[in-house]
Amino acid sequence: MTGWIFDIKHFAVHDGEGIRTTVFFKGCPLRCVWCHNPEGLTRKKQLSFFLVKCIVCGTCIKQCPVGAISSPGQINRSICTNCGRCVDVCPASALAEQGYSVTEDELFIKVTEEKDFYDDGGGVTFSGGECLLQAEFCAKMLKRLKKAGINTAVDTCGLVEQKAFEAVLPFTDTFLYDLKAIDPEVHKRCTGADNALILNNLTYLNNVGANLEVVIPLVKGYNLDEWVNMLVFLKSLDRVKTVKLLKYHGFYFSKYEALGWKAPPADMSAPTEKEFNDIKESFTAEGFIVKT
Amino acid sequence: MKPFQQTSKLPLSFFSVAGEKTHDELISRARTAGQNFQGEKVTVQYSALVSEVMENCSVLIAKGDPFISMTDGAGVLSEFSAERRKKLELSDEESDAYKTRLRKGQRACAFQGHEDFGHTCPDFERILSVGISGIVKEAESLLKEQKSVEKKEFYQSVIRVWKSARSLALRMAQAGEKENDENLSVAAENLRFLADNPPKTFMQALQLIALYYELQQNIEDTPVRSLGKLDRLLYPYYCHDMEKSNKKEEDIEEEFSYFLRHIDSYKACANIPFALCETRKALPCENALTLILLRVTLRCRFSNIKIHLNYRADISDEVMLAAGDAIRSGSNSLVFINSDITRRALEKIGIQREDAEDFNIVGCYEPCSREEIPCSCAGRLNFLKAVELAVNGGKDLLTGDSYATDTPDCEAITSFDELMDIVRMQLRAFAEGCIESAKEREKVQIYLHASPLLSATYRTSFYGGKDVYADYGAKYNNTSVCGMGIASAVDSLYAIKELIFNRKRMSLSDFVDILRKNWEGEEALRIYIKNRLPKYGNNVRKVDEIAENLVEYTANLINGKPNARGGVFRFALFSVDTRFVLGERTAASADGRLCGEPLSKNAGASSCADKSGLAAHMLSVLSYDHTCFPDGMVLDATLHSSTVSGEDGLKALNTAVITYLKKGGFALHINVLDAELLRKAQKNPELYSNLQVRLCGWNVLFSSLSRRDQDEFIAQAEAAQ
């Protein structure tokens, strides 16, 4: 069995406890307007071009079998077949293929390379995209990792069938569960999807006693006012002790440019320091451990 | 004493008092004193010179400073030594042989070397326990027992300089008394006491350390490269003050802050290091002073002070977290040293366990066991040049000079294994040349330098009646050879293996032509190699095994080979600043490096080649046995402060450090970056292509961000300062 991923990040120190290796699975059911990993949204393989790295050598133009590259960075994506030849020859790594398959053995070797550094709570995190769209593969891998004594975490947006959670639950030490809004209309505006299933799955995990850390992005202009609703909802879940508040930032636009996509809307911004601290204090006052 | 305040961190302004002679007069008098003893043994000459300077130098003091130790005596002895060296080198046949061999090695840029009368850590424990007068009394007593002229001369020399040290302490006291300054009065009172007694209080112990530093480092011109384990050295005096004087920890912190400011004022070359934490297994790792001294030093952030933090498995979380927290706040002054690995490395070259485990790091990363004179940097060996000569028929690509003979032409090399054999042949020739030239140098060393001050602190030397330099009087007299540019060499060899022997993209001779032309017209190939081929520092086994092979092979060529002083050679893996000099004279290399660019730094990856995170970098460096380096080694890793921010970041940093050391890492230094560095990275992205920043919940490469994103990040980093 193979998994479909777009990146493996070593020495990840903010994707759960300790030092971790994070695997980014490709494909996501949400379309969050602020998505910071646009290369993880679709299941299909994509080509990224990073202008800042290009040395304008023209090698890619010569190698393209369908003439999709007219000049460095000018890619006709409607005829590009994602064959990857331009990526293979690009000397500067300005071109990159987003998406590749890995076997269980390949991935296991890769994520256990730094096993010695997983002491003190570290381990492996499955993220994305949405890793649980490939729940069967994830479950097999997580089981294998647990058997090898490695701590596991699943970073999920929650919009998958409950059976996906059931499949991974026995082998997952921590769920990093993303929560964007409680109000369905706000949620739909932010992510393009309804949140009923997301909230149901979070409640399910709580009820079965999963170890949960809820991750809340705070984006002014979109979901900032939702924090009170989220606080009230989370208070009703007795297993949720820790929340992680992420302040919006705009350091991801270059990824959209690289994919040839239009930039996300410009009406998003970060909460002010005061707004952020007030929210943090409110969660703390209600007994949550707040990470930032 | 006035309280130490933030403003007290401003540089001290020293002025000269109590001196009767100008500096030129001092040099002239010293020269005359030296002439009066011409024909005498160097120990006698040195003691006369040192004594002359101590008796006549001016004392330098600064208002508000509760320590007095500086003089204008620095430079007098070094001038004398230089003259002496010149004479010897011109007249001595052995010295000529040395020069011939060394020049040949240097011309081929295979290795460099010079003599070293520094890199010492005096036995401060002994100095503090017996004091100046105690050493004089002991020497006088031993002098009476001696029959041999040489030993008599030794003790007379010791007595001469240590008596002069007493006079100087009293002159310093007078200088302090003359000023109407509360703090200088403290120094004066302590110096008067120390002239005739060993220290009793914390301040007196610090004053004696500062005074001795000046005497040996500046007046005698025998560099002191560690103040020793200060928590251990100062603990009895701390206990005394806490019990007898009712002092509080804040008082101790204040006194130590003043000491650091005073020592920092020396602005010594390559900083003034001291160590914290016990290295001897039978004793507790820490005491009550450890954390106090660590916190004060990290809080004060004096630029000229550095700490060697000795790691043991039983070190406390508090110490490790305090160190980690300071590092991530940008403090670059702290290096972690692995006590167990260091001890084992020293034992491998024949140092007895009880001496090996009581080491101090002297200078950069070189351990010095108890009773050892290590003579650092006697040889510096260029790994990358060995590759250059191996692929070019034994000839330097820039000059055509050769070093090793019988090197086949590159057309004759048909496999990577054959190439590795030839690289090893070059390294063997380099190592032998390095060792032989150092030995030739050592034969004349006994005529060049003596240290009656240092010799009185080493028990073997003092009770044996022998100078540590002029008579090789220390228990261990070892010599160091340092390997440089390991990552540059490994990355070059892997590139050749992959492109020439695996993919057969071109012939080796065609590739060597490209290197000869410094990649002219082949920029795309150069960038391809730099960006696309695996590099050392990323935990890629097929690359790291080349490093393992070269490093352990070379270490076996060096370690334990006898030197000319009754000791052995010891191997190191760090690059000092020689990587720039060697780089300037090393042709373009197969790793994509341009002609003249520096070699890789220390034991770490080539510049910006470590793109897989800190753990992968560490695992690459751990691919070989660090007990191969009795002369030390270090991994220098670079992180951005955002990578280690928050509680998660601090915890991860500590886990990484501890894991590296537990897995056998010798020494570790971590740089955390600031806004200024980010600006440089923006201007020259190719130099900082491995720089990571934390965006929100994760890190990305700074170079992959758009200009606008980079600007925003710089603005945030500035705001955070």
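1. In chain B, helix H5(B) contributes B:Ile132, B:Ile135, B:Val136, B:Ala139, B:Glu140, B:Leu142 and B:Leu143 to a contact with B:Lys152, B:Tyr155, B:Gln156, B:Val158, B:Ile159, B:Trp162, B:Lys163, B:Ala165 and B:Arg166 of helix H6(B). Contact here means heavy atoms within 4.5 Å. By class, this contact holds 11 nonpolar, one polar and four charged residues. Ala, Val, Leu, Ile, Met, Phe, Trp, Tyr, Cys and Pro count as nonpolar, Asp, Glu, Lys and Arg as charged, and the others, Gly among them, as polar.

2. The model is predicted: local features need pLDDT of at least 70 and side-chain atom pairs pLDDT 80 or more, whereas totals for chains, interfaces and linings use all residues. Residues are numbered from 1 along each chain as its sequence is written, chains are lettered from A and ligands numbered from 1 in the order in which they are written, and side-chain values use heavy atoms, without hydrogens and water.

3. H5(B) spans residues 124–145 and H6(B) residues 149–178; they pack at about 155° with their axes 9 Å apart. Axes are lines fitted to C-alpha atoms, for helices over the stretch in contact, and angles run from 0 to 180 degrees between N-to-C directions. The two helices are therefore roughly antiparallel (under 35 degrees is roughly parallel, over 145 roughly antiparallel, 65 to 115 roughly perpendicular, the rest oblique). Helices (H or I, at least four residues) and strands (E, at least two) are DSSP runs, numbered from the N terminus.

4. A second pair in chain B comprises H9(B), residues 230–244, and H11(B), residues 288–300, packed at about 115° with axes 9 Å apart. H9(B) is thus roughly perpendicular to H11(B). B:Leu230, B:Asp231, B:Leu234, B:Tyr235 and B:Tyr238 of H9(B) meet B:Ala288, B:Leu289, B:Thr290, B:Ile292 and B:Leu293 of H11(B). This contact divides into eight nonpolar residues, one polar and one charged.

5. In chain A, nine strands form an open sheet of mixed pairing, ordered S7-S1-S2-S8-S9-S10-S11-S12-S13. Two strands pair if DSSP finds at least two bridges between them. S7 (100–103) and S13 (289–291) of chain A stand at the edges with a single partner strand each, so one side of each is left without a neighbour in the sheet. The twist averages 30° from one strand to the next.

6. Within this sheet, S9(A) (151–156) and S10(A) (174–178) pair in the parallel sense over four bridges. A:Thr156 stands opposite A:Tyr177 in S10(A). Helix H8(A) (227–235) packs on the sheet, touching S11(A) (212–218) and S12(A) (240–247), and its direction makes about 170° with that of S11(A).
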